[in-house]
Amino acid sequence: GFINFTDYGLAFSLLCQEQGHEIILFHEDSNLIQELKLGVYRTKQFDIQNKLSFSKEIEISETLDDLIKSSDIFFSFDNFNYVFSNLIRISSEENLYDKNFVLFNSDENEDITSIENKINSLGINFTYIPIFFSLNEIIKSISETEYILIGAKNEKITQELISIFNSIIKN
């Protein structure tokens, strides 16, 4: 599942979908979701618009709860506080142990250790992937990257993420 995706998140999800990975999108901005259901996503990134126009239908979750409950791995790209407050609420109703939270982030001001501790306190595995991709031609930047830094303590999720990235990165 992809939560509060940005251009990076949508690009990454489209590349994953293209390689046969199941994707589900959710965004707290309901207007953005309604437009995406119509095949519209406002971005200056031509490569994302192009990939979106040729992608098969994207599964969109109506609620964050549904996305979390149906996904073993969920990627978060923006507004961590919104996501975390909902994870607290969901974890009081649903067992989230063995779920995997992957934070894609380029904000150097974030205290990643604090975020990791908060996520781990809910029984969720935490992984951090800093964004090193170019702001121009995001699809190309992701699919032709020479390296990915994966910060995870869980070997299983590390191997799964390596597999995902290996499937989308052109050799």
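**View 1. Packing around helix H5 in the predicted model.** In this predicted model, the buried residues of helix H5 pack against strand S1 (2-3), helix H4 (64-70), strand S4 (73-76), strand S5 (100-105) and helix H6 (112-120). These buried residues are Phe80, Val83, Phe84, Asn86, Leu87 and Ile90. Viewed down the axis of H5, they fall within an arc of 165°, so they line one face of the helix. Helix H5 covers residues 80-91, and its twelve residues should span 16 Å at 1.5 Å a residue. The C-alpha atoms at its ends are 16 Å apart, which agrees with that expectation.

**View 2. Helix H1 and its covered residues.** Helix H1 (residues 7-18) is mostly covered, with ten of its twelve residues buried. The buried residues are Tyr8, Gly9, Leu10, Ala11, Phe12, Ser13, Leu14, Leu15, Cys16 and Gln17. From its first C-alpha to its last, H1 reaches 16 Å, close to the 16 Å expected at 1.5 Å a residue. Just after H1, glycine 20 takes a positive phi of about 95°.

**View 3. The surroundings of cysteine 16.** Cysteine 16 is placed in helix H1. Because its relative accessibility is 3%, and buried means under 20%, cysteine 16 counts as buried. Leaving aside residues up to four places away in sequence, cysteine 16 touches Phe2, His21, Ile23, Ile164 and Ile168. Leucine 32 is 16 residues from cysteine 16 in sequence, and their C-alpha atoms are 20 Å apart in space.

**View 4. The salt bridge between lysine 51 and glutamate 18.** The structure holds five salt bridges, one of which joins the side chains of lysine 51 and glutamate 18 at 2.7 Å, N to O. Lysine 51 lies in helix H3 (residues 46-54) and glutamate 18 in helix H1, so the pair ties together parts that are 33 residues apart in sequence. Lysine 51 counts as buried, at 19% relative accessibility, whereas glutamate 18 is partly exposed, with a relative accessible area of 46%.

**View 5. The salt bridge between glutamate 62 and lysine 37.** In this pair, the closest N and O atoms are 2.4 Å apart. Glutamate 62 counts as exposed at 52% relative accessibility. Lysine 37 counts as partly exposed, its relative accessibility being 40%.

**View 6. The salt bridge between glutamate 116 and lysine 153.** The closest N and O atoms of glutamate 116 and lysine 153 are 3.3 Å apart. The pair links distant parts of the chain, with glutamate 116 in helix H6 and lysine 153 in the loop between S7 and helix H8 (155-168), 37 residues apart. Glutamate 116 counts as buried at 14% relative accessibility, but lysine 153 counts as exposed at 73%.

**View 7. A nonpolar patch on the surface.** Phe132, Tyr147 and Leu149 make a nonpolar surface patch of about 340 Å². Tyrosine 147 is found in the loop between helix H7 (138-143) and strand S7 (151-152). With a relative accessible area of 52%, tyrosine 147 is exposed.

Terms used. Residues numbered from 1 in each chain as written. Predicted model: local features only at pLDDT ≥ 70, side-chain atom pairs only at ≥ 80, totals over all residues. Heavy atoms only, no water. Patch = residues over 30% accessible without salt bridge, like charges linked within 9 Å, V, L, I, M, F, W, Y side chains within 5 Å. Areas by Shrake-Rupley, 256 points an atom, 1.4 Å probe, with all protein chains shown as cover. Salt bridge = Lys/Arg side-chain N within 4 Å of Asp/Glu carboxyl O. Helix = DSSP H or I, 4+ residues; strand = E, 2+ residues; numbered from the N terminus. Buried < 20%, exposed > 50% of the residue type's maximum accessible area, 1.4 Å probe, protein only. Expected span 1.5 Å × (residues − 1). Arc of directions from axis to C-beta. Contact = heavy atoms within 4.5 Å.
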